[in-house]
Amino acid sequence: MIHFVGAGPGAVDLITVRGKMLLETADQIIYAGSLVNAELLQYAKKRCRILNSASMTLETVTAAMAEGEEMGWHTVRLHTGDPSLYGAIREQMDILEEKGITYDIVPGVSSFAAAAAAARAEYTLPGVSQSVIITRMEGRTPVPDKQKIADYAAHQATMVIFLSSSLLAALTAELLRGGYDAETPAMIVYKASWPDEKVLPCTVASLAETAAANGICKTALILVGPFLQAAYERSRLYDPTFSHGCRMAVAKP
C-alpha cells in the first residue's frame, strides 16, 4: 500500500494525526527532502527505509514504491504541504495504477494556509475579496494560455503565488500589467511555520527590493491584494440584523 501524505507547511506539529500515524508504522518513507522538514523523520521506526527524493526521478521513485510493494511493505510518500498543490502526484498515481498498486492520499496543511496564519490575515474579506487565486509565475516550466499572472491579476482577487520568489522583478511586471497598482499591498512569507519564518510586508512595486534586502530567493510565498489592508465590511454571518438558518434577525434599534 502506498500512502501519499501531506507533511504540512514545515512545523513538525502541523502534520495531521493520520499522517503521523502512517509515518510511525511505515516500512519505507520517500520524502521530498528539499522542502519537507527532516525532523518529521523522527517518527519513523528504526528499521524503516528512508529515501530522499530530491535527487531521484519519477522512474526511480516509483521503482522504489514497486519494490516496497513486492516486499509487502507500507510505503509513505511524504510531500510538502498538501500533496494536491504542486505535488506532482498525478503522474505517480498513474504509474501505480498501471502497475496495479493500491494507494491513498492523506491531505495536509498547505503553506498557503500557514502563510495567512503567519500574516494574521484573512484571505476572504467581505467587500474586499471573496476569491483566492493560487498560482505561480511562468519560469523554466511554462503555464497554460490564459493562466498567466497578468490574466489573474485582472480579477483583483486575493492572490497567493507559489514557486516565484526568485522571479520577483518579472512577477511585479506581470502584476502591474494585469492591473494592480504599484502600491497594492503585498507580503513575502518565508518558510511559513518554520522556526526561521519571516513575514515581510511590502507593496507590489517593492517585492524584489524587499526580498533582496532580506536574502530571500526561495521557499517563500507571495501574497498580493487589498485583503492585507484594514478596510473591510462586517461579515453578515454574525450580524444580529441578518437572518440565517440558525438564527433569526433582531430588528435594528
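At 60% relative accessibility, Pro201 counts as exposed. Keep that residue in mind while you work through the exercises; the model you're looking at is a predicted one.

**Exercise 1.** Find out where Pro201 sits and which residues it is in contact with, leaving aside neighbours within four places in sequence.

*Solution.* 
- Start with the secondary structure: Pro201 is part of strand S9, which covers residues 198-203.
- Next, check the label. Exposed means over 50% relative accessible area, and Pro201 has 60%, so it counts as exposed.
- Now look for partners beyond four places in sequence: Pro201 is in contact with Ala186 and Met187.
- Finally, pick out Leu96. It lies 105 residues from Pro201 in sequence, and their C-alpha atoms are 43 Å apart in space.

**Exercise 2.** Decide whether Thr62 is buried or exposed, and say which residues it touches.

*Solution.* 
- Go to helix H2, residues 58-70; that's where Thr62 is found.
- Compare its accessibility with the cut-off. Buried means under 20%, and Thr62 comes in at 4%, so it counts as buried.
- Then skip residues up to four places away in sequence, and you're left with Gln92 and Ile95 as the residues Thr62 touches.

**Exercise 3.** Work out how the chain is divided and how the parts meet.

*Solution.* 
- Count the residues in the contact between them: domain 1 gives 9 and domain 2 gives 11.
- Take the centres next. Going by C-alpha atoms, those of domain 1 and domain 2 lie 28 Å apart.
- To put a number on the interface, remember that its size is often given as the accessible area lost when the parts come together.
- Here, domain 1 and domain 2 bury about 770 Å² between them, with 72% of that on carbon and sulfur atoms.
- On the domain 1 side, Pro9, Leu85 and Tyr86 supply 65% of the area buried against domain 2, more than any other three residues.

**Exercise 4.** Describe the protein chain as a whole: its secondary structure, its box and its charges.

*Solution.* 
- Tally the elements: there are 7 helices and 10 strands.
- Draw a box along the principal axes, and the C-alpha atoms fill roughly 70 × 50 × 35 Å.
- Check burial: 45% of the 253 residues count as buried.
- Last, the charges: 22 side chains are positive and 26 negative, and the centres of the two sets lie 4 Å apart.

How values were computed:
Residues numbered from 1 in each chain as written. Predicted model: local features only at pLDDT ≥ 70, side-chain atom pairs only at ≥ 80, totals over all residues. Heavy atoms only, no water. Helix = DSSP H or I, 4+ residues; strand = E, 2+ residues; numbered from the N terminus. Buried < 20%, exposed > 50% of the residue type's maximum accessible area, 1.4 Å probe, protein only. Lys, Arg positive; Asp, Glu negative; His and termini not counted. Charge placed at Lys NZ, Arg CZ, Asp CG, Glu CD. Domains from an automatic or database assignment. Contact = heavy atoms within 4.5 Å. Buried area = accessible area lost by both parts, 1.4 Å probe.
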